[in-house]
Amino acid sequence: MNRSRMWMAVALIGLGLAACQPAEPVIVTQEVRVVETQEVEVQVQVPVEFRMESERLAAVMARGRLICGVNTSVPGFGYLDADGQNVGFDIDFCRALAAAIFGDPTAVDFRAVTAAERFTALQTNEIDVLIRNTTWTFSRDVELGTDFGPTTFYDGQGMMVRRDSGFTSLADMDGATICVLAGTTTELNLADTFNALGLDYDALVLDTGDATSAAYDAGRCDGLTSDRSQLAGLRTGLANPADHVILLEVMSKEPLGPVWAHGDQQWGDVVTWVVNALIIAEEKGITQANVEATAASDPQDPEVRRLLGIEGEFGTILGLEPDFVIDVILAVGNYGEIYERHLGPAGTDIPRAGTLNALWSDGGLIYAPPWR
Amino acid sequence: MEGRLSRRLIRFFRDDRVLRIAGQSAFVLAAAVFVAWLVGNLNDALDARGLTLSFSFLQRTAGFAITQGPGMARTESFWRAYQVGVLNSLNVVLAGLVLTTLIGLLAGVALLSPNWLLRNTVRVYVEVMRNTPLLVQLFFIYFGVVLTLPSLQDRIELGPLILSQRGVWVPRPVPQPGFAVWAMLSAVAVVVAGLIYTRRQRRRRRTGEVTRPALWAGAVLIGVPLAAWLVLPHAPLTLENPTLEGLRMVGGLRLAPEYFALLVGLVLYTGAFIADIVRAGILAVPHGQREAARSLGLSETSVMRLVVLPQSMRVVIPPLINQYLNLAKNSSLAIGIGYLDLYAISQIIFNQSGQAVQVIALLMATYLTLSLLISMLMNWVNRRMATPGR
């Protein structure tokens with residue numbers, strides 16, 4: 001009953017979207033040759049239809065604005081500044097996407113979604129894309145009907161301690177009291193890690209992030225554990241941020257990246273390659289300041305030429321402008337610049353060099369497939 | 001014919017009994033349909049998500065550790081976590097009930113004190129506590145008072161008492177070899193003291209002699225254990241002082257800051273309500289009773305203890321039950337200040353297991369049981385206190 005109603009709603013929305021489509025879908029028919037093992041060659045003609053354009057992209061273009069599901073309470077990643085503007089690392093990826101589609105980084109509506117409602121918001125088409133420090137996991141990818149884009153930040157659970165405590169690694173923390181948020185995977189990882197290390201600990205379990213950091217700040221706990229990205233943000237809210245350090249050890253894998261509803265691969269391609277463009281731009285040294293000059297100077301590097309739309313039809317294939325990458329870089333800079341702006345020393349100060357979030361050429365995991 | 005039938009029908013539907021039965025059946029039917037709709041809705045929603053309403057998940061490994069109260073290891077079950085929650089809740093509720101009764105009684109009597117300073121100080125306490133939310137008070141006590149105590153390294157030592165933001169420690173009594181003998185003698189002394197008290201009391205009632213029951217019973221109660229302590233070759237109990245080892249105190253008895261803050265908060269808040277109930281109860285005793293008692297030559301304390309308080313109990317106990325139930329239920333605010341009571345642990349369980357419906361059902365059943373038990377006990381006390389009918 002409920003399910004059939006839902007399908008009807010989906011069908012109706014689909015019809016609505018289809019009505020917005022400006023162009024005919026391109027249909028490619030492919031011949032597939034199946035060779036069976038019994039030495040009998042059977043030729044089967046299977047018509048395979050590729051929908052070469054995205055319903056979602058068409059809907060976004062018709063609307064004239066991108067709707068991006070974001071966080072508004074994690075400093076550095078997604079929060080509201082003093083003027084009530086959405087700012088942060090994740091927010092800049094939303095702006096990059098808007099710049100790619102419309103050439104205008106402000107053509108984006110930010111929709112604040114909580115951790116609990118974010119996937120429902122995607123499933124019900126409330127938002128076009130979710131960029132809200134969301135960890136890529138098996139069950140979210142497979143069960144929830146969502147797809148994950150390239151990882152933009154390799155996060156992991158960390159431990160913040162007082163600088164004068166003398167702790168340099170988790171192994172020093174035998175008998176420590178740890179502040180932790182109730183009912184999270186963080187709580188489970190903490191138990192696992194300390195058990196594995198054979199360490200004894202007391203947990204102070206509180207039900208809000210504010211209470212957790214307040215208790216830590218008051219000295220009730222020796223350590224505060226959460227995702228490293230959040231710790232860096234929480235640290236800025238402590239009475240004296242410089243008195244606290246985040247230990248280097250990582251207790252879990254939390255790859256964060258953009259998420260969209262399963263089923264529109266073409267839309268996924270747009271999101272994926274906008275992120276990849278930002279990474280390649282950093283690799284090639286293309287910055288917000290020099291992108292226009294670089295494009296005008298007729299660069300020699302073939303990949304730069306392809307990236308900036310001087311050669312090839314890459315933007316058009318995605319359904320965007322041929323030189324959309326120039327708009328993107330002009331709007332937000334390359335990956336490294338986004339990182340520096342929000343997570344660098346001027347922002348929440350999460351060290352990048354030597355971590356997983358360094359470029360692959362610097363020993364990190366930030367890597368984009370070739371633009372060809 | 002038709003006219004007669006309709007007249008009979010009209011008479012039938014105007015019959016009081018018919019209306020009553022029809023009305024009640026309609027109500028029961030409507031209620032049943034509503035409940036069936038709720039249950040059906042729940043089942044549909046559960047089916048859609050592939051969930052079942054089974055409690056077997058309680059046997060699964062919890063995966064999280066609890067380090068408050070009895071505590072549990074990471075590898076124990078959700079059921080064990082629930083038990084720890086119940087024990088932690090009972091711990092704070094039972095201690096709270098006793099302490100809040102004492103505070104409430106003292107404050108209630110003080111509200112009627114002829115001493116201006118005492119009366120008005122207590123009035124301020126009662127009004128402030130009654131008119132601000134408990135959660136705000138708990139935050140204030142926890143973050144504003146308990147957590148501003150010094151760290152373990154800079155702890156305050158008041159004789160054997162150690163105060164710090166990590167908890168309050170007192171020395172722990174440790175039984176020594178002679179302890180069993182001493183404990184047995186002391187137990188005998190308690191029984192004998194009880195016997196002496198009742199017999200002397202009875203003799204005084206019968207004969208009017210001055211028998212001093214409390215004095216004699218007290219002498220036995222204190223004298224025997226003291227003598228045994230001195231006679232035994234080793235002291236039956238020694239005190240173990242807490243010492244700092246690494247990051248934590250080892251030994252001694254510890255009162256966790258979260259437990260302490262919650263207990264103080266609950267006791268002060270509920271005590272303010274009880275104070276006003278006690279004050280009202282005392283005022284409800286006719287003034288003539290007090291005057292009559294005074295004219296018999298009773299001291300002010302005796303007037304209060306023997307005449308006024310026993311009679312005011314009849315007025316006090318019914319609203320007191322409400323306050324006891326409030327204290328038990330308010331203990332679930334523990335989650336705000338990090339004390340792992342039943343509610344806090346239940347929330348962790350349903351976050352980690354995803355079985356929200358069962359956990360909430362179990363939680364409600366547990367609080368209901370606790371409240372009904374308190375209610376039953378207090379109703380029994382109420383019946384005992386009621387003036388026998390004349």
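Guide: This is a predicted model, in which local features need pLDDT of at least 70, side-chain atom pairs count only at pLDDT 80 or more, and totals for chains, interfaces and linings use all residues. Residues are numbered from 1 along each chain as its sequence is written, chains are lettered from A in the order in which they are written, and side-chain values use heavy atoms, without hydrogens and water.

Helix α3(B) passes α8(B) in a right-handed crossing, meaning that the near helix is turned clockwise from the far one by less than a right angle. The axes of α3 (residues 78-110) and α8 (residues 257-284) of chain B come within 6 Å and cross at roughly 40°; the two helices are therefore oblique to each other, a class left over once angles under 35 degrees (roughly parallel), over 145 (roughly antiparallel) and 65 to 115 (roughly perpendicular) are set aside. Axes here are lines fitted to C-alpha atoms over the stretch in contact, with angles from 0 to 180 degrees between N-to-C directions, and helices are DSSP runs (H or I, at least four residues) numbered from the N terminus.

Among the residues in contact (heavy atoms within 4.5 Å), α3(B) contributes B:Gly96, B:Leu99 and B:Ile103, and α8(B) contributes B:Leu266, B:Gly271 and B:Arg279. By class, this contact has 16 nonpolar, 7 polar and 1 charged residues, Gly being counted as polar.

Between the chains, 28 residues from chain B and 32 residues from chain A take part in the contact. There are 5 salt bridges between chain B and chain A, a salt bridge being a side-chain nitrogen of Lys or Arg within 4 Å of a carboxyl oxygen of Asp or Glu. B:Arg74 forms a salt bridge with A:Asp192, with the closest N and O atoms 3.0 Å apart.
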